[in-house]
Amino acid sequence: MEIDELKEKIFAFVQAAKGKKKLKEKDILNGVSAEVGVDKDVVKKAMREMIDIGRLMYSYGGGASSVEIPSEEYLREKGLIK
């Protein structure tokens, strides 16, 4: 599987949970790895690349971290969009 295709699978996985459940990094690694049959380390590397470019972000609340799709406000604040 190409890395860009894997990134789309990760994004779709996170988008499907948006508004329903806050996903921990582990949830994404396990879910996407099982869904597409790719090693968790490969999924982790792709997810980290997505976080680095602002396609996904870590959020913190209630003593736990989660991974989610950033809002437009967040992307503007970070200068990733105008």
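Predicted model: local features only at pLDDT ≥ 70, side-chain atom pairs only at ≥ 80, totals over all residues.
# Helices, buried faces and a pocket

Q: Which residues of H2 are buried?
A: In H2 the buried residues are Glu 25, Ile 28, Leu 29, Gly 31, Val 32 and Ser 33, where buried means under 20% relative accessible area, exposed means over 50% and partly exposed lies in between, with a 1.4 Å probe and protein chains only.

Q: OK, and what do the buried residues of H2 pack against?
A: They pack against H1, H3, S1 and S2, with contact taken as heavy atoms within 4.5 Å.

Q: How does the span of H2 compare with what it should be?
A: The 12 residues of H2 should span 16 Å at 1.5 Å a residue, and the end C-alpha atoms are 17 Å apart, which agrees; the expected span is 1.5 Å times one less than the number of residues. Just after H2 comes Gly 37, with a positive phi of about 75°.

Q: Switching to H1, which residues there are buried?
A: Leu 6, Lys 7, Ile 10, Phe 11, Val 14 and Ala 17 are buried in H1. Viewed down the axis of H1, these residues fall within an arc of 140°, so they line one face of the helix, the arc being that of the directions from the helix axis to the C-beta atoms.

Q: Why would residues three or four places apart point the same way?
A: An α-helix has 3.6 residues a turn, so residues at that spacing point the same way.

Q: What covers the buried residues of H1, and what comes after the helix?
A: The cover includes H2, H3 and S2, and H1 is followed by Gly 19, whose phi is positive, near 85°.

Q: Pick one of them: what does Leu 6 touch?
A: Not counting residues up to four places away in sequence, Leu 6 touches Met 1, Val 32, Val 36, Val 38, Val 42, Val 43 and Ala 46. Leu 6 counts as buried because its relative accessibility is 2%. Leu 6 and Ala 46 are 40 residues apart in sequence, yet their C-alpha atoms are 7.2 Å apart in space.

Q: And H3, where do its buried residues sit?
A: The buried residues of H3 are Val 43, Ala 46, Met 47, Met 50 and Ile 51. They cover an arc of only 145° around the axis, which puts them on the same side of H3. The face turned away from that buried side carries the exposed residues Asp 41, Lys 45 and Asp 52.

Q: What lies over the buried side of H3?
A: H1, H2, S1 and S2 are included in what covers the buried residues of H3.

Q: Is Met 50 buried or exposed, and what does it touch?
A: Met 50 is buried, with a relative accessible area of 1%. Apart from residues up to four places away in sequence, Met 50 touches Lys 7, Ile 10, Phe 11, Arg 55 and Leu 56.

Q: New topic: what lines the largest pocket?
A: The lining is made up of Val 14, Ala 17, Lys 18, Gly 19, Lys 20, Lys 21, Lys 22, Leu 23, Val 67, Glu 68 and Ile 69. A pocket here is an open set of points on a 1 Å grid over the protein atoms alone, where a 1.4 Å probe fits, with protein on both sides within 12 Å along at least five of seven lines, and lining residues have an atom within 4 Å of a point.

Q: Last one: where is Ser 66, and what is it in contact with?
A: Ser 66 is found in strand S2 (residues 64-68) and is buried, with a relative accessible area of 6%. Leaving aside neighbours within four places in sequence, Ser 66 is in contact with Lys 22, Leu 23, Lys 24, Met 57, Tyr 58 and Ser 59.

Methods:
Residues numbered from 1 in each chain as written. Heavy atoms only, no water. Helix = DSSP H or I, 4+ residues; strand = E, 2+ residues; numbered from the N terminus.
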